[in-house]
Amino acid sequence: MKFGAAGLAGALAAVHGPVLGAARADSPGLLHCAVFSARFRQGVAFAEELQRRHVVTFSAGHDIAKLWYGDLEGGMSQTGGLIAGLTDRVTLFCLEELARSAGMRVLYRVDHVIDKHGNVEHTAAGPASILEATRKLVPASGFGREMAVLASQFELREPKDTAALKQTGPFSPENKVALVSWVIA
Amino acid sequence: MVLPPNVSEADFNAALNEFRSALGESWVFTSDEDVALYRDSYSIYWGEPEERVASAAVAPVKVEEVQQVVRTANKYRIPLYPISTGRNLTYGGSAPTMRGSVVVDLKRMNRILEVDEKRAFALVEPGVSYFDLYHYIRERSLKLMLDVPDPGWGSPVGNSLDHGAGYLTSHFRDHFGSHCGMEVVTPEGDLVRTGMGALPNSETWQEFRYGAGPYIDGIFTQSNFGIVTKMGFWLMPMPESYLTGTITVPRYQDFEPLIEEVSYFEDLSLIGMPQYGSPIGGGLFGPPSPDLAALMQNGWPSMDALENYVVAQKRPAWSVELNFYGPEETVRANWQAAKRRFAKAIPGAAFQDGELLALPIPKEKEATQGDKPRLGIPALEVFTITSRNPMTNSDPADGHADFFAYVPRKASAVWAAARVMYEAYREMGMPPMHGPFSTPINYYSRCFIMATLVPTYRNAAKNARSRELFAKVMDRCAEHGFGCYRTSPAFQDRLMSKYSFNNNALLRFHQKLKDSIDPNGIISPGRYGIWPAKMRGNRA
């Protein structure tokens with residue numbers, strides 16, 4: 001589902017709303033750890049907000065194998081927690097394929113496609129609360145922190161469905177930046 | 001929920017209950033959100049009725065459970081589709097060949113049963129990935145090198161059974177060729193060990209592959225005659241060093257002697273997989289540059305026109321990187337010998353020394369090491385590289401269906417295959433991926449691959465066009481004797497119809513085996529065109 005313009009205040013209201021608002025405002029919630037693309041400003045903002053909430057963050061570099069086998073796999077099997085990310089598509093694509101072997105799946109994803117003028121189109125797939133929160137995101141920069149708040153307050157009691165699974169391949173449009181916010185559990 | 005064909009809901013539910021009794025409730029997956037995990041991410045039928053989706057999945061943890069699943073499947077005529085890691089994207093991934101099959105996910109059978117450093121072999125279960133085996137060897141500082149495919153997230157068992165390949169010297173990079181011994185649950189639930197594994201108390205199961213009597217291991221590759229539950233592999237002793245060297249040659253027609261000289265070193269097992277290129281542009285796929293596109297306005301250029309084009313570009317026409325493995329003394333000597341032979345065979349050949357690396361690569365340098373698969377290190381970096389390749393555009397593909405044509409190991413065949421693929425794309429009105437400077441892949445040492453990647457989408461109309469293109473490339477290549485060696489389930493019937501000598505005698509033989517070995521047709525119906533008799537219909 002694609003969304004257009006809305007106010008930042010609306011986005012924040014949504015992520016602190018009744019469905020997602022069980023955790024404290026500065027709590028990591030169920031998040032075990034998070035992954036971010038340090039190449040992108042929104043990825044850094046996402047990580048900074050989660051670090052403030054004491055979530056362990058990993059930079060998704062060129063070597064996704066090191067990220068999965070070295071950083072994520074062992075930790076997740078120990079805690080059974082969620083892992084969130086704001087990354088490029090290829091990182092999510094690989095992690096989603098790898099997660100199946102650990103009995104995990106993508107619970108929601110929000111694609112943020114940014115054109116050369118900085119306009120952002122957000123497309124969400126997943127539970128209604130995510131769709132609602134995404135609808136209120138502004139179609140411009142500044143979504144990294146909001147997606148971090150959303151991830152930290154996501155609850156596993158959200159109904160699971162197949163909408164968020166395998167939505168795209170690893171490729172990104174040539175003239176645009178395609179980022180994705182996601183939760184795997 | 002999708003049901004298996006010709007199975008009632010009551011029978012299916014009864015089978016699922018028996019699966020649960022055998023495996024435990026947790027390891028039988030039937031919910032939509034669980035089953036959807038097994039969709040093929042690169043499906044060329046995504047979202048269409050023909051998409052090969054599973055009805056359920058089961059995850060046994062031991063051989064006895066696999067046998068029980070097979071017995072239940074026979075009882076209720078449930079089609080099964082075994083996967084190891086299910087990540088062989090472009091060839092079906094984790095999705096079954098036939099819609100409605102129950103995926104037998106062998107991910108929990110992930111034990112590394114034996115690694116013998118001195119005798120240089122491993123025995124593993126199907127759920128063991130290349131990463132798992134690599135980490136096992138590394139953590140124990142065993143002096144062994146794995147030959148890995150790229151990406152390396154698959155399993156040695158699955159990759160070998162699908163005729164996958166790697167990068168080291170020829171007798172290791174043919175992954176099925178370097179296996180030794182297997183254990184198979186038959187479609188009727190029996191358990192067979194091949195080669196010396198059939199001899200109780202033998203210690204040579206992973207050392208002598210043939211045992212006595214007919215050698216049957218090959219029938220379990222790209223087939224549906226059983227579920228492989230163990231497999232042995234020969235490993236390469238860790239070489240002391242790795243040396244690369246690059247050769248360039250000036251003229252277009254120098255490609256022929258370049259290939260002949262490389263093949264000399266290849267057939268002596270003195271090098272790993274050679275990496276051909278063209279400094280003028282092109283490389284593996286070689287979409288024509290603007291200059292070359294202008295030259296090709298009136299069709300494929302003549303040899304004279306190409307030679308003149310090369311001269312005008314003031315760069316060498318071709319290159320090849322050679323990789324040497326062994327003690328420092330021998331890799332240096334082999335590179336010197338290569339320089340001598342190429343200089344004599346090809347006037348104007350030039351040489352560039354590469355870096356000499358001591359092996360194994362220190363752990364702290366591994367993350368930043370380039371070209372990991374050539375050093376036996378599994379990687380996923382191919383995804384981050386290709387996600388930004390020229391395939392991507394304003395409307396990027398979501399995946400690709402690979403067509404890897406096997407062509408003779410000679411320049412004229414490379415050029416012929418590139419032209420066939422080029423013209424197939426042109427017939428479709430699509431920008432060609434190939435041109436006169438396209439170069440081959442040499443996974444299997446005795447012949448070349450000319451590869452093309454047909455895009456796949458989450459869009460039915462675009463996928464329809466891609467299927468048409470894929471079929472055209474396959475048809476045109478087959479007319480020239482260029483056979484594809486593996487393909488996604490969507491094209492397996494079409495592919496096998498090309499291997500038609502003597503009124504499809506090969507397929508008819510496969511069918512006879514199927515009818516005998518798997519009379520109820522429960523294992524992977526349709527895989528590589530082998531359908532059970534009851535489903536054969538007009539396909540035969």
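This is a predicted model: local features need pLDDT of at least 70, side-chain atom pairs count only at pLDDT 80 or more; totals for chains, interfaces and linings use all residues.
Read from the N terminus, the elements of chain A follow the order β-α-β-α-β-α-β-α-β-β-α-α-β. Of the 185 residues in chain A, 55% are buried. Among contacts in chain A with a separation of 6 or more, 76% are between residues 24 or more positions apart.

The contact between the two chains involves 28 residues from chain A and 29 residues from chain B. On the side of chain A that touches chain B, helix 3 (64-79) and helix 4 (89-101) of chain A each contribute at least two residues. Helix 4 of chain A gives the largest share, eight residues. Sorted by class, this side of chain A comprises 11 nonpolar, seven polar and 10 charged residues.

In chain B, helix 3 covers residues 63-76. The buried residues of helix 3 of chain B are Glu65(B), Val66(B), Gln67(B), Gln68(B), Val69(B), Val70(B), Thr72(B) and Ala73(B). Just after this helix, Arg77(B) adopts a positive phi of about 60°.

Chain B also holds an open sheet of four strands, arranged in the order 13-14-12-15 with antiparallel pairing. Strand 13 (275-277) and strand 15 (350-358) of chain B are the edge strands, each pairing on one side only. On average, neighbouring strands of this sheet are turned by 15° against each other, direction ignored. In general, the strands of a sheet pair through backbone hydrogen bonds, in either a parallel or an antiparallel manner. Strand 13 of chain B pairs with strand 14 (residues 318-326) of chain B over three bridges, in the antiparallel sense. Gln275(B) has Glu321(B), in strand 14 of chain B, as its bridge partner.

Two helices that pack on this sheet can be described in turn. Helix 7 (residues 255-267) of chain B packs on the sheet and touches strand 12 (241-249) and strand 14 of chain B. The direction of helix 7 makes about 5° with that of strand 14 of chain B. Helix 10 (residues 328-345) of chain B likewise packs on the sheet, touching strand 12, strand 14 and strand 15 of chain B. The direction of helix 10 makes about 10° with that of strand 12 of chain B.

Note on methods
Residues are numbered from 1 along each chain as its sequence is written. Chains are lettered from A and ligands numbered from 1 in the order in which they are written. The expected span of a helix is 1.5 Å times one less than its number of residues. A residue is buried if 20 or more other C-beta atoms lie within 10 Å of its own, exposed if 12 or fewer, and partly exposed in between; C-beta atoms are placed from the backbone. Two strands pair if DSSP finds at least two bridges between them. Axes are lines fitted to C-alpha atoms, for helices over the stretch in contact, and angles run from 0 to 180 degrees between N-to-C directions. Two residues are in contact if their C-beta atoms, placed from the backbone, lie within 7 Å. Ala, Val, Leu, Ile, Met, Phe, Trp, Tyr, Cys and Pro count as nonpolar, Asp, Glu, Lys and Arg as charged, and the others, Gly among them, as polar.
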